[in-house]
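Visitor: Could you take me through this structure, please?
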Amino acid sequence: MSIEFADRLNNVNFETEEIELEIINLLESLRNGGERIGRGRTADIYISEKNPQICYKIIERRHVFYNFVEIEKKFLEKAREIDVRVPVPIFSYRKGEYEVLAMERIGGFSVEDVLFNEIELPENFNIEFFFRELQKMTDTLHRNRIYHRDLHEGNVIIEKNGYPCVIDFGSAKNAFSEEDSKRSEFYNPETKKREEVVFATTDESNVLEIKLSLKKYIKKQSLTKKNK
Ligand SMILES: Nc1ncnc2c1ncn2[C@@H]1O[C@H](COP(=O)(O)OP(=O)(O)OP(=O)(O)O)[C@@H](O)[C@H]1O
Ligand SMILES: [Mg+2]
């Protein structure tokens, strides 16, 4: 009986590895044939082949300054609890060089897409409203001690309804103050030491910068239209 049980347990372990292998193979096939909807410094984002409302963030080689995907998933869960619009997290997976975060695919485009790929803004887009909402979101995050720390044009999505959605909590940190939020320690595999990094910008200054670039863009677009 005990041998049988041990045997079964071994099989379970074996099967877990099989499942992991299968996930890795599935990811390979997604990568080779899948539709990529985004690319950042650390990750590629693919639409699920089974459900276009789901996407996979795939990170292959670990970036030293990046949260593990299970931490990123936790930040998304927490943000949703406090009613900050972020993608619904589905599952996180980490094995060796691979990290995957499955989440809701947000319908819309990042500010970066609008600026550089000339994607049209939603009809009746109101820039003042949009940034007021974004500011409210970062305020709520901060009140709950969450600092995003990487708010750039690629990490803010303009949804079809004209509202913002914040993505990519790969650099986020739980902190007790603005000062504390700027500091982090990371293990640097090259020097084999823990090193302190002090972030130069804040979420507030980043939001202002995004607003400025979008404002400039809209002004330029309207001037070009007038001159046509
Ligand atoms: N849930 C999502 N729904 C729709 N598009 C997404 C989603 N997540 C990411 N994207 C798209 O993919 C791009 C890259 O994703 P993400 O920002 O998570 O990658 P990253 O490598 O962590 O980026 P960074 O360069 O900011 O570190 C985003 O700029 C966005 O255009
Ligand atoms: Mg990003």
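Guide: Helices (H or I, at least four residues) and strands (E, at least two) are DSSP runs, numbered from the N terminus. The model is predicted, with local features needing pLDDT of at least 70 and side-chain atom pairs pLDDT 80 or more, while totals for chains, interfaces and linings use all residues. Residues are numbered from 1 along each chain as its sequence is written, and chains are lettered from A and ligands numbered from 1 in the order in which they are written.

Visitor: What follows H4, and what is its phi like?
Guide: Arg-145 follows H4, and its phi is positive, near 65 degrees.

Visitor: Which residues of H4 are buried?
Guide: Phe-130, Leu-134, Met-137, Thr-138 and Leu-141 are buried in H4. Buried requires 20 or more other C-beta atoms, placed from the backbone, within 10 Å of the residue's own; exposed means 12 or fewer, and partly exposed lies in between.

Visitor: New topic: how many residues surround ligand 1?
Guide: There are 22 around ligand 1, a residue counting if its C-beta atom, placed from the backbone, lies within 6 Å. The closest are Gly-38, Gly-40, Arg-41, Gly-154 and Asp-168.

Visitor: Which elements give two or more residues to that shell?
Guide: Strands E1 (36–39), E2 (43–47), E3 (54–59) and E5 (98–104) do. E1 gives the most, with three residues.
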